[in-house]
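Hi,

Here is the structure I promised to pass on.

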Amino acid sequence: MARPPVSAVYILWLRQLKRYIRSRARIIGALGQPTLFLLALGFGIGPTFARAGGGDYVQFLAPGIVTMGILFTAVFTGIEIIWDRQFGFLKEMLVAPVSRLKIVLGRTLGSATVALIQGSIVFLVCLAAGFRPAHPLLLPLALLFMALIAIMCTAIGTAVGSVLQDMQGFPLIMNFIVLPLFFFSTALFPVPDLPGAVRLVVRLNPLSYGVDGLRGALSGSFAFGAATDFAVLCGLAAILLVIGAHLFSKIEV
Amino acid sequence: MMTAIIEARDLVKRFDRFTAVDHISFAVPEGVIFGFLGPNGAGKTTTIKMLTTVLAPSEGQLAIAGHDPVREPLLARRAFGIVFQDPSLDDQLTAAENMELHGVLYGVPRVERRERDEAMLRFVGLWERRDDYVKRFSGGIKRRLEIARALQHQPRILFLDEPTSGLDPQTRNQIWEFIPELCRDQQVTVFFTTHYMEEAERVADQIAVIDHGRIVAQGTVAALRQQTGGRTLEDAFIALTGHSIREVEAAPIDRMRRMRQVWLGRR
């Protein structure tokens, strides 16, 4: 029998996309938080930020907010493995004559695509709130960084979703993984003026490189350097994917 | 003598110190309907999990259509279709999309896949509802769709784990009516588990009775009755195990054993 290797990955990618498009409530719900942050912080802290000499805060904040949209969507779509487990579909995937690596790959690419779309919608919201990218020609680079962030965050979601048995651990994930990743990244504040310890944490946070890459592509100035951001993101995405795939392969139903 | 398509030899599964399946051996000839009968917690689901590559045995040998499920899981998986005890459909997809996903995962070529989708959905009477979302289906319809899906890739073996649990008597009746038909039409060997005597008696060509992880008897329904001198399978079961299947079902120790199995199995 013919065994087309890409098809299994493709059909699982397509499944994630279909599930996303069909849950309009989720699309809108997932827009709420980033929009709230953008409006409240952008316009609330904006004037103080400007007076302190930081410039236009919305210009600074927008890439962080886009990253937030990607982070949340990617992690939660990755964690959907728990739903698959509870609703039984996981069993169907696990007894299929397809290696678990392909299943993880299909799921991850699907979830990452969903997160990328969601991030793009957040980007449009930022445009509506007054954000302007510095160099339109760098937009493809921005998209590349968004994709890398999406893959990395989905891999985190896959890893966590493979280990958790049910949604009871959900607040734990939110408070101890997702929110710390977001708050201790470069999303909300510039790095140079931070106290030493915080700066260290921020520099160790993988998401910082995502935000910095995206901010650089949108505003033209990188704090860590485009090459560093790119290398760190690629490396971490690969490592996290391997970890996620490994944990997924250990699942028993 | 027909050749065996499923073979288990001295199969053992231990969870910590608890032995769920204790040195069982059986052979299922190709083309038969094989009933695996026993009370809840007897080790039926654990056995089916080992046969279907989901769980690794602690000891013993297995062959599924000639393949070792531990060493050649992908080859073994191609040879069977399975309907689990609980639904395993994606209910945000339509019936047809669930079929398509299955066909692609099993590497069925496109043209053949479309033919099979239609044939199987017609067979279970769901062709007209192919574009409905699964979340709108009742339990019985979902079970039919799962049977259609399990047969999509033309497996040689169909595993049914308690295929009628949670269904109303009417739907249960329907399912058992078409399983023999399906076995003939699709030329598939059926291996099912049940704790309902009457179901095993009704459709199974051969039966293995499992109790506390051991096979206490196996053979045709007639042979079992003859062997024990009982008039019904129920009599035979009591003669073999010393208790009725219903009593055991309600015994607290078995309920605990089952919960333990569930918890440990989930890890």
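Below is what I found, starting with the ground rules.

This is a predicted model, so to speak of local features a pLDDT of at least 70 is needed, side-chain atom pairs count only at pLDDT 80 or more, and totals for chains, interfaces and linings use all residues. Residues are numbered from 1 along each chain as its sequence is written, while chains are lettered from A and ligands numbered from 1 in the order in which they are written. Helices (H or I, at least four residues) and strands (E, at least two) are DSSP runs, numbered from the N terminus.

Let me begin with the sheet in chain B. It is open and has 6 strands in the order β5-β6-β7-β3-β8-β9, with mixed pairing; two strands pair if DSSP finds at least two bridges between them. At the edges stand β5 (80–83) and β9 (214–219) of chain B, each with a single partner strand, so one side of each has no neighbour in the sheet. From one strand to the next the twist averages 15°.

Strand β6 (residues 157–161) of chain B is mostly covered, with 5 of its 5 residues buried (20 or more other C-beta atoms within 10 Å of a residue's own, C-beta atoms being placed from the backbone). Ile157(B), Phe159(B) and Asp161(B) point one way from β6(B), and Leu158(B) and Leu160(B) the other way. β5(B) runs parallel to β6(B), joined by 4 bridges, and Val83(B) stands opposite Leu160(B). β6(B) also pairs in the parallel sense with β7 (residues 189–194) of chain B, over 5 bridges; here Leu160(B) stands opposite Phe192(B).

Further along, β3 (residues 33–37) and β8 (residues 206–211) of chain B are parallel partners over 4 bridges, and Gly35(B) has Ile207(B) as its bridge partner.

In chain A, helices α8 (residues 139–163) and α11 (residues 206–219) pack at about 165°, with axes 8 Å apart (axes are lines fitted to C-alpha atoms over the stretch in contact, and angles run from 0 to 180 degrees between N-to-C directions). That makes α8(A) roughly antiparallel to α11(A), the term for angles over 145 degrees. Among the contact residues are Phe145(A) of α8(A) and Leu214(A) of α11(A); contact means C-beta atoms, placed from the backbone, within 7 Å.

Finally, the contact between the chains takes 26 residues from chain B and 24 residues from chain A. On chain B, α2 (73–79), α3 (95–105) and α11 (252–266) each give two or more residues.

Best wishes

Methods: Two residues are in contact if their C-beta atoms, placed from the backbone, lie within 7 Å. Angles under 35 degrees count as roughly parallel, over 145 as roughly antiparallel, 65 to 115 as roughly perpendicular and the rest as oblique. A residue is buried if 20 or more other C-beta atoms lie within 10 Å of its own, exposed if 12 or fewer, and partly exposed in between; C-beta atoms are placed from the backbone.
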